[in-house]
Structures are given as structure tokens and as C-alpha cells.
Amino acid sequence: MTSPSGRQLITLRVDGEEVEVTVRPHHFLVDVLRQQVGRIGVKEGCESASCGACTVLLDGVPVLSCLLLAMDAVGREITTVAGLGRPPDGLHPLQEAFIKHHAVQCGFCTPGILLVARALLEENASPTEEEVRQALAGNLCRCTGYVRIVRAVLEAAALQRR
Amino acid sequence: MTTETAYQSVGKRVPRLDALEKVTGRALFTADIELPRMLVARVVRSPLAHALIKGIDVSAARRVAGVRAIVTGRDAPYLYNMALRDQPFLTIERVRYVGEPVVAIAAEDEDAAAEAAELVRVEYEPLPAVLDPFAAMRPEAPLIHPRLGEYARDPSFTPLPGTNICNHFKLRKGDVEAAFRAAHEVFEDSYYSHPIQHCPLEPHAAIAQYEPASGQLTVWCSNQSPWFAADDLAAALGWPVHRVRVVCPYLGGGFGSKHGLKVEPVAVALALHTDGRPVKLVCSREEEFSATVVRGAVHIRLRTAVTREGAIIARQAEVVWDTGAYADVGPLLCRNGSYSVTGPYRIPNQWIDGYCVYTNKLVTGAFRGYGIMEMAFAYESQMDSIARALGIDPVEMRRRNLIKDGDETATGEVLYNVGLKAALEACARAMEWERPRPPGRGKAIVTTAKSSVAPSGSAAFVRLNDDGTVTVMVSTTEMGQGSRTVMAQMAAEALGARLEDVQVLAADTLFTPPDRSTSSSRSTFHMGNAVVQAARDAREQLIKKASALLEAHPDDLEVRESRVFVKGVPDRYLTFRELAAVRPGVDMGPILGRGSFVPAGARPLDLETGQSPRITAFWLYTSQGVEVEVDRETGKVRVLRVVSVHDAGRSINPDACEAQIEGGVAQACSAALLEELVLDEEGRLLNPAFGDYLLATSKDVPPISPVIVEVPHAEGPYGAKGLGEGPTTGIAAALANAIEDATGVRIRELPLTPERVLRALKEKERSREEAT
Amino acid sequence: MRLSRDYGPEAVAKMGGCTVMVAVRRGLLRPKVVIGLHCLPGLDALRVTDGGLLVGAGVTLRSLERSTEVASALPVLWRTVRTVASPLVRNMATLVGNVTSALPDSDLVPLLAVLGATLTVRGPEGERSLPVGEVSQAPYRHALAPGELATAIAIPAPPPGLRLAYARFTLREAFDRPLAAAAVALRLADGVCHEARVALVGAGPLPARSGAAEAALQGQPLTPEALARASEAAMESAAPPSDYRASADYRRHLVGVVLRRALGEALAS
């Protein structure tokens with residue numbers, strides 16, 4: 001039902017939870033997730049789909065939430081970094097590897113990269129370094145030079161295989 | 001390689017204290033903060049590089065539903081910038097760069113703010129714009145700041161009113177002309193470093209709230225230096241500083257771009273007119289590129305005199321800094337950079353002129369390296385040119401000239417604990433310098449030195465909470481460099497506490513004591529010293545109290561693992577928890593350690609000669625090596641590897657140090673090879689977006705080997721110096737030198753794009769053909 | 001179709017939204033109506049048809065990347081798709097969308113052009129198809145009329161023995177548009193070229209076939225000299241754009257380099 005201002009109540013499925021949000025047709029998923037669903041881990045770094053900070057998983061596939069209209073995400077399974085693991089004990093192996101390898105500096109790119117890495121490992125349990133770099137090519141990081149990020153992803157892959 | 005320590009925390013690869021927050025996406029950044037009744041801001045910016053404001057009509061904008069405040073420069077006629085108070089919160093009578101804020105709007109939501117912004121009408125009368133610093137220096141150039149002489153300023157700088165020069169730095173040492181006459185050879189070359197942007201992944205953001213009933217202004221912001229910001233805001237507003245509270249959550253990268261006021265003034269201007277409602281301003285990436293801050297272009301002319309053996313005996317330099325439309329830290333960059341154009345070398349005769357020049361472009365601010373990337377591009381490129389001309393191995397050339405303990409810098413300061421030779425030799429080894437190069441490949445090794453200026457102060461409290469846990473109160477901001485963790489490590493070490501009992505607060509000028517800034521690689525050294533002092537102060541109080549309670553002499557007590565033990569008697573101790581509480585019979589209140597540090601003996605530079613017995617706290621010594629391959633068909637440079645060696649004095653956290661080295665090297669490779677801000681003839685930025693402005697992706701960064709050497713600093717906490725900026729300084733020169741090594745072409749302008757390299761290769765071929 | 005026709009220039013249709021939504025976010029496009037096409041049935045088909053390919057408008061580059069059928073039927077196309085933009089963009093972007101975006105430097109259009117691919121368009125008047133090379137009128141302006149929607153790309157089966165290759169030059173190793181690129185499709189017999197199709201990026205404002213290069217190759221034994229002549233012909237007839245990324249001269253030079261490389265690869269394949 002649409003109000004005179006164009007606002008509608010829709011239901012989104014975020015990290016396994018159903019959430020009701022109020023949106024206008026032109027509102028992007030990134031803003032709705034951040035402002036109405038408390039998912040501050042979904043970041044905004046650019047407006048040209050070029051940095052990857054807004055990455056979420058849509059039905060398991062990494063996509064840019066800055067390009068998705070909130071309404072287009074209805075009926076889909078949205079996963080943010082909050083859906084990866086629960087602190088302090090229930091962390092995903094990737095999260096543990098990032099901590100261990102000091103693969104985080106400012107942390108702004110981290111949520112997006114973790115989600116892309118998770119999707120990679122679910123498709124390819126033994127990626128080569130080249131494959132890891134290829135998978136991360138759409139996520140910019142200005143702090144780390146990607147060195148420890150790549151190392152952490154490779155280690156998490158090895159851990160998961162065991 | 002770092003030395004094995006007997007320390008508990010210092011020198012250990014401790015996991016970052018903020019890692020859990022960041023890998024779970026729960027770390028709070030400024031744009032994540034939601035406050036009750038918060039408004040969002042939108043800024044209408046100048047489309048012209050230089051123009052008078054003839055009229056502003058916001059009547060239609062005001063009528064948009066949801067708009068709560070609209071301000072122009074006249075509603076907030078305040079000036080900021082600590083070095084030279086020249087920048088208005090919003091334009092007052094004229095715009096000086098494309099992107100300058102003219103009108104700001106606060107509204108209930110983004111849609112209303114955007115709609116209102118569309119309806120603002122501004123009438124401009126264009127003025128001739130000057131986009132090139134050399135043009136700006138000519139006598140007939142239009143004046144960008146006609147009232148330059150009236151601005152309040154820091155007396156260490158010399159602006160020239162009636163010109164566009166906001167600082168003229170002079171350094172005169174020895175007798176350059178005599179040295180030039182006596183020299184075996186004189187080399188003269190010009191070098192150009194291009195304009196780039198820091199590209200922190202988190203754009204600038206600020207939330208301002210002004211409560212009229214208490215007169216208290218609070219600003220939450222992505223800012224590196226909360227006290228610097230609070231002081232500047234208070235001075236601009238004419239208020240006592242305690243009415244300005246600056247809170248800095250995690251920063252998503254800074255690299256200098258968030259040092260000093262940037263977007264805070266606009267948010268504050270709005271907050272003064274929203275009757276207590278907070279106003280949030282978050283930059284778009286386009287605004288980040290075109291309207292916050294840049295690293296401006298620098299032009300250097302270097303004239304160097306050498307003996308036949310390659311000893312440098314004189315250097316004359318003219319350094320022109322394109323500082324953009326407002327001063328920001330331009331005058332300091334001009335000073336610190338220009339006096340460093342010596343490089344890490346012993347040069348007895350110097351004549352340096354540094355000009356900080358206004359142009360009608362976006363403001364130049366601090367960039368990681370603070371001018372030394374640009375200086376080193378010039379002096380390290382020239383070192384190789386000189387070495388080749390004299391037939392001396394480039395590494396040997398550096399060995400012969402490197403400054404060592406007891407030598408004097410350009411400004412006349414005698415240096416000790418100089419780790420340059422150690423860094424250079426470690427680099428040469430790691431690069432296998434002696435090994436012959438395969439065809440088509442080139443190698444280069446450079447050395448640089450960057451100073452952290454003195455005096456600047458830092459203060460810290462180390463507070464024992466009622467349960468004996470420890471809170472460290474520092475205004476250092478965490479922007480990814482790992483400061484929160486290393487401060488905890490140093491506090492734990494100096495106090496004798498377990499690391500897990502130590503908490504470090506986020507910077508908040510309401511609680512955390514004054515600190516000049518988180519910049520200049522200064523925090524481990526300055527704040528570290530303050531933290532160690534405060535921790536030792538708290539430790540003494542603990543010992544005093546324990547001495548009374550344990551009935552033991554203070555000299556017989558030791559503190560470790562958050563307990564005070566009687567030496568040699570492991571079961572006689574008191575825990576911090578037991579000691580923190582007030583105990584009957586021992587008249588001691590809560591335990592609070594205090595520390596305050598400033599480097600001793602700092603004196604201002606003489607304005608005529610640029611000399612001072614001490615102007616720096618410490619220097620960052622760096623040696624970097626690169627190996628490249630050049631595709632002769634396209635000019636594309638492939639970096640095969642980078643070795644980056646840094647004298648950290650003492651590495652408090654080797655993982656954090658290595659991570660900073662890797663990141664800085666990657667940033668510098670990206671800047672030298674891929675990045676450039678491009679303006680059109682009207683001064684508008686053509687590429688204000690990622691993809692148009694290229695940053696290195698995970699597939700672009702070469703293998704990087706970070707190496708730490710330790711030559712402890714006598715005054716540093718545990719011997720530590722600083723580290724963060726060293727890694728960016730030498731890369732551009734190393735790449736240019738390696739390209740020459742591989743192909744024989746010398747390029748003196750950045751960036752080292754394939755087109756530029758190919759053009760140089762073709763020119764070389766042409767001149768070879770013409771010669772035959 | 002009706003929305004598209006009724007709103008005309010005030011409406012824009014999107015499938016993956018990679019071009020359109022970026023333009024909206026950057027304020028370059030302010031449509032009154034955005035028509036989301038992803039719910040339309042029947043546009044998701046990805047079919048190999050006798051060695052050719054039918055790619056529905058809803059088929060993402062990700063699907064093409066992960067299709068073993070595409071990898072075996074058209075390996076050069078498959079390899080090229082994997083280099084376009086970033087993995088995140090490829091997860092959302094569509095082949096049809098890439099073509100209708102009329103990019104001045106699309107990696108996929110030149111390859112599709114030398115393969116003879118066509119775009120199927122459905123409109124109020126019915127269905128039509130046009131060669132992929134004719135979809136762009138000008139950079140960022142496609143030739144579809146209001147009310148028309150692109151529904152599929154049909155790639156005919158390459159004739160047996162067709163040698164296909166694609167070479168590109170970018171400034172960055174990932175997530176970058178080519179400054180110059182060359183797609184070549186050659187039919188040879190006994191070392192003589194019977195048919196040559198060459199499409200270039202960087203020789204003009206849009207990806208386009210190079211008649212000059214094709215003429216230099218057609219009917220020729222493909223010796224190194226012939227390849228060099230074709231390269232020069234392409235360079236001479238090029239009218240490359242000049243911008244902050246590269247000068248016209250440099251693009252011209254790169255066109256020659258990438259064409260030589262593509263021809264070399266095609267011969268070796």
C-alpha cells in the first residue's frame with residue numbers, strides 16, 4: 001500500500017530475519033539496510049559501483065547494494081556481514097583468519113571483502129592466490145595493499161578444508 | 001628484523017584490539033551514527049573556479065517540505081585554518097575553487113535536501129581564474145586573497161601580501177655559490193609531482209549539534225585530530241575551547257586528508273541554525289574527490305654540486321607548492337618539505353626557496369609523507385642521474401652521502417640514532433643488488449628521510465577503574481594504523497598490567513586530554529611517551545599503596561600481570577582490583593596516572609636562514625627497492641616486487657608495522673603509476689569517480705616485502721620512532737630509477753603512465769637514430 | 001513497452017542496472033520512471049543452439065562465466081567475459097545490457113560484432129533484430145525507439161575452423177575499460193585469409209569494424225608482413241578520441257599493438 005508521499009511498507013529478509021521497512025520506490029537497498037535495519041556493516045564508499053564497500057549477498061551471490069533498489073530485494077535472501085558469524089565465539093573462519101593475520105586496518109572495506117571471500121570459498125574450496133585476487137578485484141582497499149587479506153583468505157580456505 | 005624482547009606486550013604481534021568490531025561490521029564510523037531528530041545536510045557548491053557572488057536566492061528552496069535550515073556564508077562569517085586563518089565556513093563574497101560550499105541545507109531527509117538544493121539560485125560574476133602556480137606567482141596575476149596581509153597567522157610563516165604566495169620558506173646555509181664554483185660537476189634538473197587524492201574508503205563525514213541553552217557545540221566527525229579541530233573551531237567562532245567538543249569514532253582511512261577542518265565547518269554552520277537538532281553531512285565520493293582536499297602538485301628545480309667521487313657539496317633548490325585556494329597546512333608543507341629537499345644526505349651548503357602558492361583549485365592538505373613523496377621523487381631521481389653520469393653504482397653513491405650520527409641536517413640539527421645505513425644495507429641485501437639483471441628488467445634502491453616536526457605535545461591519563469581494570473585516555477585517533485592497540489601495549493608494559501585488562505578510549509575532547517594531532521607519524525612517539533609516563537605514574541601510586549598494605553619497601557615490589565608482587569615471594573601480592581578500591585587505613589584515593597610529553601629543546605626556525613638547533617622530534621629513515629619490467633610496445637610498467645625497509649626505532653607491534661608498510665607501499669605504487677586528478681581549463685575535475693580515477697585493485701599490487709630495522713631513539717618510548725609515512729616516500733623515485741635501469745629513459749614527471757613511458761622510449765630511439 | 005513508450009525520455013529500463021543505476025546515483029540521469037525488467041518471464045534463457053548461443057536479456061555475465069557450455073562453444077567470449085568490470089558488477093550486469101549501454105569501450109561488443117551477433121528487439125510494432133554493431137548511435141546512446149525493449153542476443157554458430165581472438169590494453173590489471181582492443185575472426189585456407197572480420201575499440205568514438213584492416217587481410221597469405229600491414233592500415237584509418245586517459249596518438253599506437261597481438265593469437269589458435 002502506497003501512501004501519498006509514495007512510501008510503502010515492504011518486508012525484507014535480512015540475515016535470516018524478516019524485517020519491515022518503509023521505502024519509496026527510488027530508495028536503494030544500501031541506505032535502507034543501514035538506516036532501517038541497523039546494518040551499519042554495509043558501507044557506502046562511492047556512487048559508481050566501483051568500490052565494493054556496499055557488498056551484500058543476494059541469495060548467496062555477492063552484489064552491490066548501492067545498485068539495487070530496496071523494492072527489488074523483496075523475496076530475496078539478503079546476507080550482510082552480520083550474518084557471517086556471531087561474536088565473540090561464533091565467528092566464521094574467514095573472520096578469525098582476518099584477525100589472526102592482521103588483515104584489517106581501518107575496517108571499512110572489510111565487511112564487503114568478507115562476503116565476497118565467503119562466496120568464493122563456497123564455490124571453490126581451494127582457490128589459488130590468483131583466484132583469490134581475481135575474486136576480490138571489485139573490492140577496493142586503500143589501507144592494506146591486500147597483502148594480508150589474500151593471506152587470510154587462503155588460510156581460511158585451508159582451515160575449512162580440514 | 002626486530003629484536004627479541006624481554007617485554008610482555010611491547011614488541012609482540014598482538015592481535016588488534018579493534019579487529020573483532022571490524023570483522024563483524026560493528027565498528028562505528030561517523031556516518032553510522034543516528035541521533036534523535038537528526039537532519040541531513042546537502043551542500044550547493046560553486047561551479048566556477050573564481051567568481052564574485054552577486055546574489056543568492058533560496059526562497060524556492062525554503063518552501064520545500066522538510067527543509068529546516070538554509071545557510072550561506074553570511075550566516076556563519078567565520079574563518080578557519082590554524083596556520084593562516086583564511087578559509088570561510090561557507091563562501092562569503094567570492095568563490096575561489098570549483099566545489100567551494102556556497103549554500104548549505106539541512107532537511108528531514110535526503111530527498112527533501114536534494115530537492116531544495118536543486119532550487120537554490122546563485123548569481124556569479126566570474127573572475128579570471130589562475131590554475132597554475134607559476135602563473136599565480138607572476139606580478140600581473142589576479143589576486144586570490146587580496147586581504148592576505150590581514151589574516152591571523154602563525155608567526156613561523158611568511159606570507160607575501162599583495163601576491164598569491166602564502167608562505168615563502170628560506171633556507172641559507174654555508175656558501176652555495178663558492179661550492180658550485182669549486183664543484184667537479186653541477187647537475188640541474190626539474191621534477192614534477194602530480195596532484196592526487198587520498199581516497200580514504202570512508203568519505204569525509206561530520207555530525208554537528210549545537211545546544212543553545214548550554215552553548216555547547218558537539219561535533220562527531222571522521223577527523224584525525226580532534227583537539228586541532230576543536231581549537232580551530234573555537235578560534236573561528238570566538239568561543240572558549242571547552243564549549244567545543246569533538247568526538248572521533250573510527251576513521252575509515254585518513255592518510256592526512258582528515259587532519260584539520262574539512263567538512264566540519266559546514267555542518268557547524270547549519271547546526272547553529274537548527275535549534276538544537278543535530279545535522280549530519282556525509283560526502284559523496286564525487287565530493288570527496290572534488291570538494292574536500294587533495295595532495296597538490298609540486299614543482300622542484302634542483303641544482304646539485306658534486307665532487308668527482310660523488311660527494312654532494314651543495315644544493316640549491318626552488319620548490320613551488322600548488323596549495324590551492326586556501327592555506328590549510330600548505331605553509332607547513334612548504335616549510336617541512338622544502339627543508340627536506342636535501343634528502344637523507346650530508347650537504348654542507350644549501351640555498352632553498354620554498355613557495356606556497358595559492359591557485360583557484362581545491363585545497364592542498366596533508367598527505368601521508370607530508371611533502372616527502374614529492375621531495376624524494378626529485379632528490380632520489382637526481383641521485384641516480386648523478387650516479388650514472390659519474391659512473392658510480394647508485395647504492396654506493398648513497399653510501400657516500402648518507403647522513404650518520406653526529407651529522408647536521410639542512411636546518412642545522414645534529415642527528416643521532418640514525419638508522420639509514422642499516423636500512424640501506426638491509427634493502428640492498430633483500431634486493432640482491434649485486435646480482436645482474438635479466439634483460440628487460442630494472443632495479444633501483446632509494447633512501448629517504450622524513451621528519452616529524454617539533455614541538456608538539458601529547459597528554460594521556462591512565463586510569464585505574466574501581467575493579468582494577470585500566471582505561472587509557474588518549475586523543476589519538478584510530479584510522480587503521482593500529483594506534484589503539486599499540487597504546488594499550490605500551491600502557492600495559494609500563495604499568496605491569498595484563499593486556500586484556502587495558503581499554504583505550506576513542507578520542508573525545510570532553511574526556512581525552514590535549515594532543516596536537518594524529519598525523520606526521522607522531523603518535524607512537526609523542527603519545528606513546530605520554531602514555532608511558534602516565535602508566536609509570538599510576539604504577540608508582542600502586543606501589544606506594546601496595547607497600548603500605550603489604551608492609552614491604554617499595555624497592556622490594558614489582559608489578560606484573562595486573563598484580564603487585566613482593567619480589568621473590570610469588571604468593572605475596574595484591575591484585576589491581578584490591579588496590580584500586582579505597583582501603584581503610586591507607587589514605588589514598590582513586591589511582592590516576594598522568595603523562596604529558598613534548599620533545600625537549602625545540603626552537604623555531606630562523607625565518608631568514610631556516611636554521612634551528614632542534615626542529616624535529618625524530619626522523620623516519622627508509623630505504624626502498626623495486627624491480628620492474630617494462631613492456632616496450634606499450635610503455636606499461638610491471639612492478640615485480642618491492643622491498644621496503646624502515647627504521648622503526650623499536651617496533652611496538654611488528655604485525656601492525658608490517659601492515660602499515662605494505663599499505664603505504666601499495667598506496668604509493670598506485671599513486672605513481674595509475675592515479676592523477678585531471679582538471680579542465682575551467683578548473684573542474686574531470687574524473688571525480690573511482691574507475692575514472694584509478695586505484696590499485698588486488699590484481700595491481702606487486703609482492704611487497706616489509707622489513708623493519710631497529711636503531712632505538714634515545715627519547716622514544718621503548719626506543720620507538722614513527723613509521724606510518726616512511727613507506728610512501730621513496731616509491732615514485734624508485735620506479736622512475738628502475739625504469740631508467742631497464743630502458744635507459746629518464747622520466748621526471750609523474751605519473752609514470754604507459755603513455756609517458758612510451759613517449760620517452762620513442763624519443764630516446766629518435767635521438768639515437770638522429771645521432772647515427 | 002507501454003511505460004517506455006508513454007514516458008519516452010522520462011523513463012529508463014533496467015535489467016542488472018549497472019549502467020542505469022550508476023547514472024542515477026551520480027545525478028547524471030533523473031528519470032521519472034525506472035522500469036525494472038528482471039521480473040519479466042522468458043528473458044533468462046541461455047541456450048547453446050547448434051554451436052551458436054542465444055542469450056536472453058536477463059542472463060548475467062556471471063551466468064555466462066559459469067556456463068561450461070559457453071566455455072566450450074565460445075571459449076574466447078567466455079574468457080573475455082571474465083575480464084569485464086569486476087566480479088560484483090558481473091554478478092548483476094547482463095550481456096544485453098552491456099550492448100544496449102552503447103559504451104565507447106565495451107569489451108564485448110567488438111567480439112559480438114565479428115561473430116555476427118544480433119540484438120533482438122521487441123516493440124509495439126513487433127519484433128526486429130539488428131546487428132550488434134548498429135545498436136550504438138553514439139557513446140551512451142542506443143538506437144532503440146521509445147517503447148522498444150531488447151530481449152536477447154543471438155550469436156550464430158561460428159563456421160568450423162574460424163579463428164577467433166581478442167586482445168585488449170587496460171591501464172589497470174582488473175576492473176578497467178580498454179583503451180584499445182581488437183577482436184578478430186579469420187577464416188583461412190592454406191595460410192590464405194578468405195574472410196577477415198576485425199572490430200576495434202579505441203579507433204573511434206565507438207567499437208567498430210575496421211574496413212581498412214579487413215581489406216588488408218582479405219585474400220592475403222597471412223605472413224608477418226601482412227599482419228603488420230593490417231595493423232598499420234587500422235592505425236592509419238583510426239580517428240581515436242583524445243581524453244585525459246590517453247591521447248589520440250597513443251590510442252592509435254595501441255590499436256596497432258592490440259591488433260597485431262590479436263591476429264597473432266588467432267593464427268596460433
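How many helices and strands does chain C have? Chain C has eleven helices and 13 strands. The model is predicted.

View 1. Along the principal axes, the C-alpha atoms of chain C fill a box of roughly 55 × 45 × 35 Å. Of the 269 residues of chain C, 51% count as buried. Take the contacts in chain C between residues at least 6 apart in sequence: 58% of them join residues at least 24 apart.

**View 2. The side of chain A that touches chain B.** Here 41 residues of chain A are in contact with 44 residues of chain B. Four helices of chain A each supply at least two residues to this side: helix 2 (93-100), helix 3 (110-123), helix 4 (129-135) and helix 5 (147-161). Helix 2 of chain A gives the most, with four residues. By type, the residues on this side of chain A are 23 nonpolar, 13 polar and five charged.

**View 3. An open sheet of eight strands in chain B.** The strand order is 3-7-1-14-11-12-13-22, with mixed pairing. Strand 3 (67-72) and strand 22 (507-508) of chain B stand at the edges. Each has a single partner strand, so one side of each is left without a neighbour in the sheet. Strand 11 (residues 205-211) and strand 12 (residues 216-221) of chain B run antiparallel and are joined by six bridges. One bridge pairs Y210(B) with L217(B), the latter in strand 12 of chain B.

**View 4. Helices against the sheet of chain B.** Helix 6 (residues 226-237) of chain B packs on the sheet. Its contacts are with strand 12, strand 13 (244-248) and strand 22 of chain B. The direction of helix 6 makes about 150° with that of strand 13 of chain B. Helix 7 (residues 264-271) of chain B lies across strand 1 (39-45), strand 3, strand 7 (101-107), strand 11, strand 12 and strand 14 (279-282) of chain B. Helix 7 runs at about 30° to strand 11 of chain B.

**View 5. V531(B) in the largest nonpolar core.** This core has 418 residues. A41(B), A267(B), A491(B) and V531(B) touch the most other members. Leaving out residues up to four places away in sequence, V531(B) touches A460(B), V462(B), V472(B), V474(B), M487(B), M490(B), A491(B) and G595(B). In soluble globular proteins, nonpolar side chains tend to be buried together.

**View 6. Two cis peptide bonds in chain B, at P455(B) and P751(B).** Most peptide bonds are trans. The bond from A454(B) to P455(B) is cis, with omega near 0°. P455(B) lies in the loop between strand 18 (441-453) and strand 19 (458-464) of chain B. The bond from L750(B) to P751(B) is also cis, with omega near 0°. P751(B) lies in the loop between helix 18 (731-743) and helix 19 (754-771) of chain B.

**View 7. Positive phi at N81(B) and E432(B).** Most residues other than glycine have a negative phi. N81(B) has a phi of about 105°. N81(B) sits in the loop between strand 4 (79-80) and strand 5 (87-88) of chain B. With 25 other C-beta atoms within 10 Å, N81(B) is buried. E432(B) has a phi of about 50°. E432(B) is in the loop between helix 12 (420-430) and strand 18 of chain B. E432(B) counts as partly exposed, with 13 C-beta neighbours inside 10 Å.

Methods
Residues numbered from 1 in each chain as written. Chains lettered and ligands numbered in written order. Predicted model: local features only at pLDDT ≥ 70, side-chain atom pairs only at ≥ 80, totals over all residues. Core = buried A, V, L, I, M, F, W, Y, C linked by C-beta atoms within 7 Å. Buried ≥ 20, exposed ≤ 12 C-beta atoms within 10 Å, placed from the backbone. Contact = placed C-beta atoms within 7 Å. Nonpolar A, V, L, I, M, F, W, Y, C, P; charged D, E, K, R; others polar. Pairing = 2+ DSSP bridges. Axes fitted to C-alpha atoms, helices over the stretch in contact; angles between N-to-C directions.
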